[in-house]
Amino acid sequence: VDAYNGDVNFYVVDEEDPIAMTYAKIYPTLFKSADEMPDGLKSHIRYPNTLLEIQAGVYARYHMEDVNVFYQNEDLWYIAYEIYGTEKVQMSANYYIAKLPGEEKAEFYNSIAFTPKSKWNMTALMVARNDGDAYGELELYQFPKSKTIYGPEQIEAQIDQNTEISKEFSLWSSSGTSYRRGNMFIIPINSSLLYVEPVYLEANNSSIPEVKRIIMAYDDEIAYEETVAECLVTLFGDKAED
């Protein structure tokens, strides 16, 4: 939508999408090819989080290729859960700018995590790429069953068990303020994962939350600092600059 004069242009990104192509046949002059989209607009295209969440929900069962395993739900996955605010909720997809494993440079993508049925460890991470010719490509990073990769709930449990963090949460809750934990971000780093979670503080007489702390987890280490940079130094020391 042109914000200056109100002109509306529709661009078809996936020319094999049955719904889009049906509309294109009904209204043959309404849709344009994505190749005609100006570069200034292409750089702002985002793969919809809602679409990724729907696809992930379907893939959680349909990744099983063995018929017997499929019908008995022996390898069923769930979209992972996290603590958001102070309640346990199912995770939603999040956007990132980071370097994916095997890639040479950072890119814009969104992702969502899976855990196995009735377990907390992470089994896979689904990624939707957003940049350039890779737009719309879905990639799955599946972790080996022989190795335990901490899932978001396990990291949340480690945070709850950290005496320094729990003590400060209790202090904030009893001093006329309330704390809220933000979305947990899961960032692949080489063959490992970095978990990042902001903590917000909100006065009871104000509706504007303030980022007060950052929590980072890597392997078995937890960092709890005021800034991302301080967390990275706590976790990685001098290597944080790399």
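**Figure 1. Contacts across the chain in the predicted model.** Among contacts between residues at least 6 apart in sequence, 43% join residues at least 24 apart. The structure shown is a predicted model, and its protein contains 7 helices and 14 strands. Of the 242 residues, 38% count as buried. The C-alpha atoms fill a box of roughly 65 × 55 × 40 Å along the principal axes.

**Figure 2. The aromatic pair of Trp77 and Phe114.** The protein has 12 aromatic pairs. In the pair of Trp77 and Phe114, the ring centres lie 5.2 Å apart and the planes meet at 45°, so the pair is tilted; planes under 30 degrees apart would count as stacked and those over 60 as edge-to-face. This pair links distant parts of the chain, with Trp77 in strand E3 (residues 77-79) and Phe114 in strand E7 (residues 107-116), 37 residues apart. Both Trp77 and Phe114 are buried.

**Figure 3. The ring cluster of Tyr59, Trp77 and Phe114.** Tyr59 joins Trp77 and Phe114 in a cluster linked by ring pairs.

Figure 4. Arg61 is placed over the face of Phe70, 4.1 Å from the ring centre. At Tyr81, the ring has the charged end of Lys88 over it, at 5.2 Å from the ring centre.

**Figure 5. Surface and charge of the protein.** The accessible surface amounts to about 15100 Å², and carbon and sulfur atoms account for 50% of this area. The protein carries 19 positive and 40 negative side chains. The centres of these two sets are 4 Å apart.

How values were computed
Residues are numbered from 1 along each chain as its sequence is written. This is a predicted model: local features need pLDDT of at least 70, side-chain atom pairs count only at pLDDT 80 or more; totals for chains, interfaces and linings use all residues. Side-chain values use heavy atoms; hydrogens and water are left out. Helices (H or I, at least four residues) and strands (E, at least two) are DSSP runs, numbered from the N terminus. Buried means under 20% relative accessible area, exposed over 50%, partly exposed in between (1.4 Å probe, protein chains only). Contact means heavy atoms within 4.5 Å. Accessible areas come from the Shrake-Rupley method with a 1.4 Å probe; for residues, only the protein chains shown count as cover. Lys and Arg count as positive and Asp and Glu as negative; His and the chain ends are not counted. The place of a charge is taken as NZ of Lys, CZ of Arg, CG of Asp or CD of Glu. Rings of Phe, Tyr and Trp (its six-membered ring) pair if their centres lie within 6.5 Å; planes under 30 degrees apart count as stacked, over 60 as edge-to-face and the rest as tilted. A charge sits over a ring if NZ of Lys or CZ of Arg is within 6 Å of the ring centre and within 35 degrees of the ring normal.
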